[in-house]
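Let's take a walk through this fold together, starting from the strands and ending at a few single residues. Have the viewer open beside you as you read.

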Amino acid sequence: MRVRCPVCGLPVEVPDDVMEGEVVEHDCGATLEVRFEGNAVRLVPLDGVADDWGE
Ligand SMILES: [Zn+2]
């Protein structure tokens, strides 16, 4: 599946069976942590800059 990168806004390819808390690295250089919100998968930057992008 694809989830939008909160840093650069481009789609990030993540496995369909991805687990919460998994860390993925995006081409833009961002390190992102997987979080589940209901049925939705959200990526949050691990760098600790943006806590909540309100999406
Ligand atoms: Zn990115």
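Two strands are said to pair if DSSP finds at least two bridges between them. Helices (H or I, at least four residues) and strands (E, at least two) are themselves DSSP runs, numbered from the N terminus. What you are looking at is a predicted model, in which local features need pLDDT of at least 70, side-chain atom pairs count only at pLDDT 80 or more, and totals for chains, interfaces and linings use all residues. Residues are numbered from 1 along each chain as its sequence is written.

Start with the overall plan. The protein chain has zero helices and five strands, and reading along the sequence gives the pattern β-β-β-β-β. A residue is called buried if 20 or more other C-beta atoms lie within 10 Å of its own, exposed if 12 or fewer, and partly exposed in between, with C-beta atoms placed from the backbone. By that rule, 9% of the 55 residues of the protein chain count as buried. Among the contacts with a separation of 6 or more, 22% link residues 24 or more positions apart.

Now to the sheet. Three strands make up an open sheet in the order β3-β4-β5, with antiparallel pairing. Its edge strands are β3 (23–25) and β5, each of which pairs on one side only. On average, neighbouring strands of this sheet are turned by 40° against each other, direction ignored; the axes behind this value are lines fitted to C-alpha atoms (for helices, over the stretch in contact), and angles run from 0 to 180 degrees between N-to-C directions.

β3 and β4 run antiparallel and are joined by three bridges. The two form a hairpin with five residues between them, and Gly-29 in the turn has a positive phi of about 100°. Then β4 (residues 31–37) pairs with β5 (residues 40–45), again in the antiparallel sense, over six bridges. This hairpin has two residues between its strands, and here Gly-38 in the turn has a positive phi of about 65°.

Val-23 stands opposite Glu-33 in β4, and Glu-33 in turn stands opposite Val-44 in β5.

Val-23 counts as exposed because it has 10 C-beta neighbours inside 10 Å. The C-alpha atoms of Val-23 and Leu-43 are separated by 9.0 Å, although the two residues are 20 residues apart along the chain.

Setting aside neighbours within four places in sequence, its contacts are Val-3, Cys-5, Pro-6, Val-12, Leu-32 and Val-34. From Leu-43 to Val-24, 19 residues apart in sequence, the C-alpha to C-alpha distance is 8.8 Å.

Step along to Val-44, also found in strand β5. Val-44 is partly exposed because 17 other C-beta atoms lie within 10 Å. Not counting residues up to four places away in sequence, Val-44 touches Pro-6, Leu-32, Glu-33 and Arg-35. Val-44 and Gly-21 are 23 residues apart in sequence and 10.0 Å apart in space, C-alpha to C-alpha.

Definitions and conventions:
Contact = placed C-beta atoms within 7 Å.
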